[in-house]
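Come along as I look things up, one entry at a time.

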Amino acid sequence: MTDTPEGQVRPFAAVLQDIRNGQISDHAAISMQQLVAAVREHGKKGTLTLTICVEPMKNNPDALAVSAEVTLKAPREAPKAAIFFADNDGNLLRDDPRQIALPGLRRVDTLTNEPKDLAQ
């Protein structure tokens, strides 16, 4: 304990360890590891928030209900986008419908690695 002008102060880590028998402290430690790994992997910032709620117990003003929650906002990989073009009816197409097709060009089918005529 630390002495202050107001009296002794119990270390915060000790109080945190007592909330839900240390489950919140353990959850925060695991979340911190996950946050560090995600920040290193994606090169972006993330946050870990510990929210502690203290409220008086009903019918007993000397007792306090203490609850806590750990919230992790880890960076994630942005979803990959595919390029599409819209035709006049609002349909999405992989090829630009306004582009003139060049005869003899073929596309390779990514599933079979076989050439495929673009006119099909």
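**Charged pairs**

I began with D18, which has a relative accessible area of 49% and is therefore partly exposed, since exposed would need over 50%. This is a predicted model, and I kept that in mind throughout.

Which residue does the D18 side chain meet in a salt bridge? I found R10 there, at 2.4 Å from N to O. R10 is partly exposed too, because its relative accessibility is 39%.

I then searched the whole structure and found three salt bridges. Another one joins the side chains of K80 and E77, at 2.9 Å from N to O. Both K80 and E77 are exposed.

I also noted D96 with R98, where the closest N and O atoms are 3.5 Å apart. D96 is partly exposed at 24%, whereas R98 counts as exposed at 57%.

For the charges overall, I counted 14 positive and 16 negative side chains. The centres of the two sets lie 4 Å apart.

**Overall form**

Next I looked up the fold and wrote down two helices and eight strands. Along the sequence I read β-β-α-α-β-β-β-β-β-β.

How far does the C-alpha trace span along its principal axes? I got about 85 × 30 × 25 Å. The radius of gyration is 29 Å, while a compact globule of 120 residues would have one near 14 Å.

**Surface and contacts**

Buried residues make up 10% of the 120. The protein exposes about 10,400 Å², with carbon and sulfur atoms supplying 53% of that area.

My last entry is on contacts with a separation of 6 or more: 31% of them come from residues 24 or more positions apart.

How values were computed:
Residues are numbered from 1 along each chain as its sequence is written. This is a predicted model: local features need pLDDT of at least 70, side-chain atom pairs count only at pLDDT 80 or more; totals for chains, interfaces and linings use all residues. Side-chain values use heavy atoms; hydrogens and water are left out. Helices (H or I, at least four residues) and strands (E, at least two) are DSSP runs, numbered from the N terminus. The radius of gyration is taken over C-alpha atoms; the globule rule is 2.2 Å times the number of residues to the power 0.38. Buried means under 20% relative accessible area, exposed over 50%, partly exposed in between (1.4 Å probe, protein chains only). Contact means heavy atoms within 4.5 Å. Accessible areas come from the Shrake-Rupley method with a 1.4 Å probe; for residues, only the protein chains shown count as cover. Lys and Arg count as positive and Asp and Glu as negative; His and the chain ends are not counted. The place of a charge is taken as NZ of Lys, CZ of Arg, CG of Asp or CD of Glu. A salt bridge is a side-chain nitrogen of Lys or Arg within 4 Å of a carboxyl oxygen of Asp or Glu.
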